[in-house]
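Dear colleague,

Please find below the structure that I am passing on to you, followed by a short account of what was found in it.

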Amino acid sequence: MDIFLQLTFSGIALGMIYAVIAFGYQLTFATSGTLNFGQGEALMLGALVGLSLAGSVMGGPYINYWLMIPLVMLFGALQGVVVERIGVRPSIKTKNEFGWIMSTIALAIIFKNVAENIWGKDDLTFPSPVSATPFQIFGANVQIMQVIVVLGALAMMLAVEMFNRKSIYGKAVVATANDSDAAGLMGINTGQVVTFSYALSSATAAFAGVLVAPLTLTGATMGTALGLKAFAVAIIGGLTSGVGAIVGGLILGVAETLTGYYISTGYKEVPGLLLLLLVLAIKPSGLFGKTTIKKV
Amino acid sequence: MLTINNLYAGYGKVEVLHGISLDVPKGKVVTLIGSNGAGKTTTMRAICGMIKPQSGDVSLNGKNVAGLDSHRIARAGLAHSPEGRRVFSTMSVLDNLTLGAFPRLTGARPKGDIKADLERALELFPRLKERQLQLAGTLSGGEQQMLAMARALMMNPEVILLDEPSMGLAPILVEEVFRIIQRLKTDGVTMLLVEQFAAAALNVADYGYVMENGRISVHGVPDKLKNDPAVYEAYLGGANKH
């Protein structure tokens, strides 16, 4: 029972990371109908830049973990702007339905290669900013960092949600997601809104990167699988629902850790991906997604 | 206030407007009437920047805005209540109205008294007042139309384009919409009104243009147009009578 609980707690922490990355997919999808398939690489770059600032790999530490987070998010935002300008905007301008898919994947591969050249191909250890000694909840060991991951992920999503609801610029983002042409008629620069959503999306991924890094190994290849699984989460939960991202993330995260222990680590990804196939067959818009009717 | 000169526009290689010229003076209501497919909505879209004109001038308050992005034209003072209403359906009525004032809230247009204008809009459209916190997508067609008009007013624009405000509405709501247009006219709001209900539009307008196949065929004051046999036959007699 203790082990079951412990696995569930780890699954929840992992699941919240998936949820934050999935949330990032949703941000750009809402405003532009496009996705950054390099979300995983944005996370990886965030983690490595964070490690260089707060760890010793580049002769540091230069700054402590907590002060590093805003800098990493700023870096993530800039990286998102680059992706949007180079990979996505030309595709939107020419109304090319598929160009952005290849170009965001291409940029992801380039980012990964660049990271391999700067930080090497081996995984690095990210020093934990808090005590690694676990504490007990109902007899199960929980790491403080796991709690921080869950709270940090929730805080990030809540902050974006509040921005969208309360501020006029957030409302402009929601309006653009609703009806881009009509938003333009209100004087909203919808091109800028799309760039902003890419910046926010990559900043979110970079944030997820520095959250997850102390719990796993950090390296150029850490993002690819995370990004892909978070994409599955976004599909399971629905590309339009923040709650869906959280629920989908938790399902996948917990299913993974439980399968990994009780069945075999070799099969740990299978239940989540089976669920993905099931959702696509039964409710293609996702568990919480709104059914969209494509008007012709 | 709004002057269109020799405007050509279309979709892709298909030219729909073959040289449109019209003038909307300050404080006046001008209507553009014509049958389905004459190019009325295309004219509106070319004016507001939803499509780029192929050539011609669109002058707003003395500034040529032809070819600019729609958000720039909006910030120059052009509000558009578009065909099909296009309200932000997942947002509340109040948020929709706030977004109408986006250029004022973000410094692109003079701020003025946004609160007072909101109260005025809600007083003008009492149905919206009752439904302030409701999501726009849950409103009836008539209420959405009123929201689209109120949202355009919230910009405190130089000129408002109203594209088919009566479309799909029950007769009683059509009357209400025209009563509101009349009221706005009395308040001195400059409007360009596109309508299929030609008679009602000519009753409220100071000047009218008749459009046929992407060209202006006749224009003049409403009395002249009403007495023009061709206009009467095509738009005011028979089934179109309202």
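Chain B and chain A bury about 1,800 Å² between them, and 66% of that area lies on carbon and sulfur atoms (buried area is the accessible area, taken with a 1.4 Å probe, that two parts lose on being put together, summed over both). In chain B, the residues that lose the most area to chain A are B:His71, B:Phe88 and B:Phe102, together 29% of what that side buries. The contact takes 17 residues from chain A and 23 residues from chain B, where contact means heavy atoms within 4.5 Å.

This is a predicted model, in which local features need pLDDT of at least 70 and side-chain atom pairs count only at pLDDT 80 or more, while totals for chains, interfaces and linings use all residues. Residues are numbered from 1 along each chain as its sequence is written, chains are lettered from A and ligands numbered from 1 in the order in which they are written, and side-chain values use heavy atoms, with hydrogens and water left out.

Within chain B, strand S3 (residues 29-34) is largely enclosed by the rest of the structure, because six of its six residues are buried (under 20% relative accessible area, with a 1.4 Å probe and protein chains only). Strands here are DSSP runs of E with at least two residues, and helices are runs of H or I with at least four, numbered from the N terminus. In a regular strand the side chains alternate between the two faces of the sheet. B:Val29, B:Thr31 and B:Ile33 point one way from S3(B), whereas B:Val30, B:Leu32 and B:Gly34 point the other way.

S3(B) runs parallel to strand S8 (residues 191-195) of chain B, to which five bridges join it; two strands pair if DSSP finds at least two bridges between them. The partner of B:Leu32 in S8(B) is B:Val194. Five bridges also pair S3(B) with strand S9 (residues 207-212) of chain B in the parallel sense, and there B:Val30 has B:Tyr207 as its bridge partner.

Chain B also holds an open sheet of four strands with antiparallel pairing, in the order S2-S1-S4-S5. Its edge strands, S2 (14-24) and S5 (63-64), each pair on one side only. Strands S1 (residues 2-11) and S4 (residues 55-60) of chain B are joined in the antiparallel sense by five bridges, with B:Ile4 opposite B:Val58 in S4(B).

Yours sincerely

Methods. Buried means under 20% relative accessible area, exposed over 50%, partly exposed in between (1.4 Å probe, protein chains only).
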